[in-house]
Structure formats: structure tokens, C-alpha cells
Amino acid sequence: MPTVLYWIRRQSHTDIATEGYVGVSNWFRGRKFIHKRSLKHGSHKNPLLQNAFNKYKNEIVIDVVTKGSLSDCLQLEANLRPHREIGWNLLPGGGLPPSRRGSAWFTNGVTNVSRLECPDGFWPGKVQKSGPTHGSAGRPKSAKHREKISRTLTGRPLSHGQLIAIRASAKLRRGVKKPTVKCPHCGKQGAVGPMRQWHFNNCKSVTQWDLFAAKSGAKHKP
Ligand SMILES: [Zn+2]
């Protein structure tokens, strides 16, 4: 299969040496498909090309400039893109396609990396935020998102740590008496939950009329 040097450009572009994106592939059909797919997804690794596509979507064309041997095509690409960031190319030409160069981040592990200290073929890395400093930490989640989380977690067995914590908590509470309350109507005493259910406003010794009378001050049943 012959190697192809191709040019992704805007229809109005005429100068291949300064405009658009130049690439080399020994499997042009596949490479073209991958370019198009990731551009449509908005996930192209080259942000210059992605931005150009977002802006000029219908004016973007891919031309086959020449076919030949791999070394000839790479030499031509190196001549057209002698250094990084020409046209929509980020990296200098002459690398083997599809190049993995430029897909890695360069980090110093401490701060955001400036463009100056970042070597050729790498993206300047940024400090990754995590935990409570992360941008979306503590943000309210949408109902759909919450439902998704719930569906994922429902039925999941408890972890060893969770089991230990639950057992420890149960041990602490064992033998401790819950606070009790007394019903003002019948005088019965008991735990808050069941007392709320069957006494106070629901006490059998009190009728709805008694409650109404106490509230409104009415004296006679209608
Ligand atoms: Zn009662």
C-alpha cells in the first residue's frame, strides 16, 4: 500500500506550507476515518484541529497531496512542518504515523507546567485537583445522576470496613435505653417513635372533637 501525504484544510486555504494540517499515513482510508470520527465526537487529540473543525465544519476538506514511499512522504512532511505549531499541526513533521508523540503529558509533579519548560512532543501538564478541592466536589447532583448512583450502589455487598463500623456502632448502642416520652392525654410512657404513632394527637382517649375544641375554644358539640 503506498504511503499518502494528506492535507486537512479549509476550502479557502491555498498555502500548504503555513495553513491547515499535514499528515502522513500508510493507511489513508483508516486514518481519514479516525480523524473524522474523533473530530465529530469533539475528542480529537489535536485541539487546534478540533477548534478549526468546530468553527469551519462544512468548509473542511481532506486532500491527498502525494503518494509515494514512506521515507519520501515523511521527508516532505518534515519540510512542510519543520518545527512545531505550523498551521493546525502541533508537532513537527517527519514522525512515524500515527505518532504517539504529543499524546503524553509532561508534569513536574508540583505545579502547572509552563509552555517554556515543556519539551517538544508533550502537553504541558496541570496539577490534578482531587477530593474537596475538585471543581465538582459537593455540588448537588441532578435527579438523573442521583438515580444512576443509586442504581449502581443498590444491592452492592458491604465492604469489610463498613461491616466493622456497623458492628462497632451496634455494640456501643447495646443496652443503652432510648429516651422515653409521656402522653399528656392518657399518661402512658414509651419510646418516641411508637408514642408518636399511637399517642399525643392520635391518642385513643382523645377524640377529634376534643382536639378541635382545645384549638378553637369551642364549648358545645354542633
Ligand atoms: Zn395517650
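Lys126 sits in the loop that runs between strand E5 (122-124) and helix H4 (143-153), where helices (H or I, at least four residues) and strands (E, at least two) are DSSP runs numbered from the N terminus. The model is a predicted one, in which local features need pLDDT of at least 70 and side-chain atom pairs count only at pLDDT 80 or more, while totals for chains, interfaces and linings use all residues. Residues are numbered from 1 along each chain as its sequence is written.

Gly109 is 17 residues away from Lys126 in sequence, and their C-alpha atoms are 8.7 Å apart in space.

Strand E1 (residues 3-10) runs antiparallel to strand E3 (residues 60-68), joined by eight bridges, and Ile8 stands opposite Ile62 in E3. E1 is also antiparallel to strand E2 (residues 21-25), through five bridges, with Val22 in E2 as the bridge partner of Trp7. Two strands pair if DSSP finds at least two bridges between them.

Helix H7 (residues 208-216) lies largely in the open, because zero of its nine residues are buried. Just after H7, Gly217 adopts a positive phi of about 85 degrees.

The domain assignment gives domain 1 (1-124) and domain 2 (180-216), with bounds that come from an automatic or database domain assignment. Taken over C-alpha atoms, the centres of domain 1 and domain 2 are separated by 78 Å.

Notes. Buried ≥ 20, exposed ≤ 12 C-beta atoms within 10 Å, placed from the backbone.
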